[in-house]
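Good morning, colleagues. Please look at the sequence and the structure on the screen, and I shall then take you through selected local features.

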Amino acid sequence: MPFALGTARARIGKIVYGVYPLIEHPTGGTETIPVVLARGRKDGPCCWLTAGIHGNEHSGLQVLHELLTPALLRELRGTLCVLPALNPAGLRITARAAYYPGGDPNRLWPSGQPAPKPDLDRPPPSALERAYARLFEEIRGGADALVDLHNAWIGSVSFVFRDRVLYRKDGKGAWSQAGAERLSARLGEMCAAYGHAVVNEYPAKKYLGEKLQRSTSGAALNTARIPALTMELGGGEMPDPAIKRAAQAGIRNILRWQGLLSGPREAIGGIPAIDPGFPCRRRSVARVDGPAVVTHLKEPGERVKKGEPLVLLRDIWGRPLKPRILTSEYDGWIVGRSHGIVYYPGTAAYVMAIRDDEPLVAPYPKSYFKA
Ligand SMILES: [Zn+2]
């Protein structure tokens with residue numbers, strides 16, 4: 001049975017184009033997402049490459065357009081399922097979310113939990129959530145690995161978010177602790193193949209609290225048990241050429257790791273190579289506790305030692321505040337700076353990668369699968 005998605009039917013040795021129906025507009029007409037299927041002449045695994053679930057993050061779209069070349073198709077074994085614009089409504093208006101109900105689209109994929117009892121005082125799942133649930137069954141049935149492309153902050157480093165793999169204490173096979181460890185080990189290989197900096201997602205409890213198991217890669221990994229990563233390709237609305245090239249080389253390396261391409265691994269160049277020698281996770285740091293104009297003293301990619309100055313604080317007239325400087329509480333490196341320099345209280349000046357001593361696999365809470 002050849003692979004098909006929406007109106008696109010994969011054909012041996014061809015790149016084919018189609019659409020997947022997403023939602024019906026109340027004004028008439030259907031929202032569709034573009035689908036590109038590339039099938040090699042030889043059989044092999046299937047990799048899904050997705051982008052644009054956040055409509056103001058444009059690098060992934062172009063990374064995928066430029067990745068799919070006749071030369072890549074000639075070498076390909078198996079199938080690439082490419083969805084370059086998962087949230088067309090957000091893309092139209094350069095906004096993170098769609099302009100119809102649903103909230104952050106990257107928190108709408110199935111959680112694996114039983115459906116909650118209907119609550120008459122709350123709306124049922126939105127049209128977009130239901131559409132992604134339907135599309136998710138195609139991922140579950142058809143993908144052997146998934147790469148989801150995003151952007152982070154202006155000037156931020158190209159990096160990968162590596163999710164924790166959760167397991168059921170009473171789980172069998174892929175859902176057992178041993179199964180989760182096998183899946184996490186494959187995820188580690190996939191990160192190594194990509195070759196960009198790696199930042200582990202929040203520890204399990206916070207990960208679930210932030211609904212990150214319902215992100216595109218989080219759901220593919222934790223609900224469908226497929227190796228999946230979120231790539232962050234620098235700032236959002238203007239693709240960085242060096243990061244695009246490094247992402248394309250990294251994705252081809254993932255396809256080699258998976259067996260869709262052959263040949264030696266490509267070197268990843270043109271972006272900062274960051275390896276502090278210890279695993280890192282994300283943390284927002286240098287939070288101002290009053291209104292402040294902030295001078296960032298560190299650049300994305302810079303190593304930071306505990307106690308080093310991170311930001312200088314002034315009031316709007318230019319007078320030094322107390323404290324004048326915020327220093328780092330952690331060893332690690334700077335992933336990116338928050339947008340802007342004029343902060344309300346509570347704003348963090350950077351996202352940093354700090355030492356991660358938390359386990360990469362962890363059990364779901366007991367109550368997670370209770371209806
Ligand atoms: Zn994003």
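This is a predicted model: local features need pLDDT of at least 70, side-chain atom pairs count only at pLDDT 80 or more; totals for chains, interfaces and linings use all residues.

**Strands, helices and backbone angles**

Residues are numbered from 1 along each chain as its sequence is written.

Helices (H or I, at least four residues) and strands (E, at least two) are DSSP runs, numbered from the N terminus. Two strands pair if DSSP finds at least two bridges between them.

Strand β5 (residues 42-51) pairs with β6 in the parallel sense over 6 bridges. Strand β4 (residues 30-39) is joined to β6 by 4 bridges, and these two run antiparallel. Within that pairing, Ala38 has Leu80 as its bridge partner, and Val36 stands opposite Val82. How many residues of β6 are buried? In strand β6 (residues 77-83), 6 of the 7 residues are buried; a residue is buried if 20 or more other C-beta atoms lie within 10 Å of its own, exposed if 12 or fewer, and partly exposed in between, with C-beta atoms placed from the backbone.

On to the hairpin. Strand β3 (residues 14-24) runs antiparallel to β4, with 10 bridges joining them; Ile23 stands opposite Glu31 there. The hairpin of β3 and β4 has 5 residues between the strands, and Gly28 in the turn has a positive phi of about 90°.

An open sheet is formed by 4 strands in the order β16-β15-β13-β18, with antiparallel pairing. β16 (320-327) and β18 (342-343) stand at the edges with a single partner strand each, so one side of each is left without a neighbour in the sheet. Strands β13 (residues 292-296) and β15 (residues 309-314) pair over 4 bridges in the antiparallel sense, and Val294 stands opposite Leu313 in β15.

Which residues are joined by a cis peptide bond? They are Lys322 and Pro323, with omega about -5°; Pro323 is found in strand β16. Most residues other than glycine have a negative phi, and most peptide bonds are trans. Lys211, in the loop between α6 (204-209) and α7 (216-222), has a positive phi near 60°. Arg225, in the loop between α7 and β11 (228-233), likewise has a positive phi near 60°. Lys211 counts as partly exposed because it has 16 C-beta neighbours inside 10 Å; Arg225 is partly exposed, with 19 other C-beta atoms within 10 Å.

Finally, the helices. Phe136 lies in helix α4 (residues 127-142) and is partly exposed, with 18 other C-beta atoms within 10 Å. Not counting residues up to four places away in sequence, Phe136 touches Trp109, Pro110 and Ala219; contact requires C-beta atoms, placed from the backbone, to lie within 7 Å.

Where do α5 and α8 meet? Glu189, Met190, Ala193 and Tyr194 in α5 meet Gly250, Asn253, Ile254, Arg256 and Trp257 in α8. By class, this contact of α5 with α8 has 5 nonpolar residues (Ala, Val, Leu, Ile, Met, Phe, Trp, Tyr, Cys and Pro), 2 charged (Asp, Glu, Lys and Arg) and 2 polar (the others, Gly among them).

Conventions: Two residues are in contact if their C-beta atoms, placed from the backbone, lie within 7 Å.
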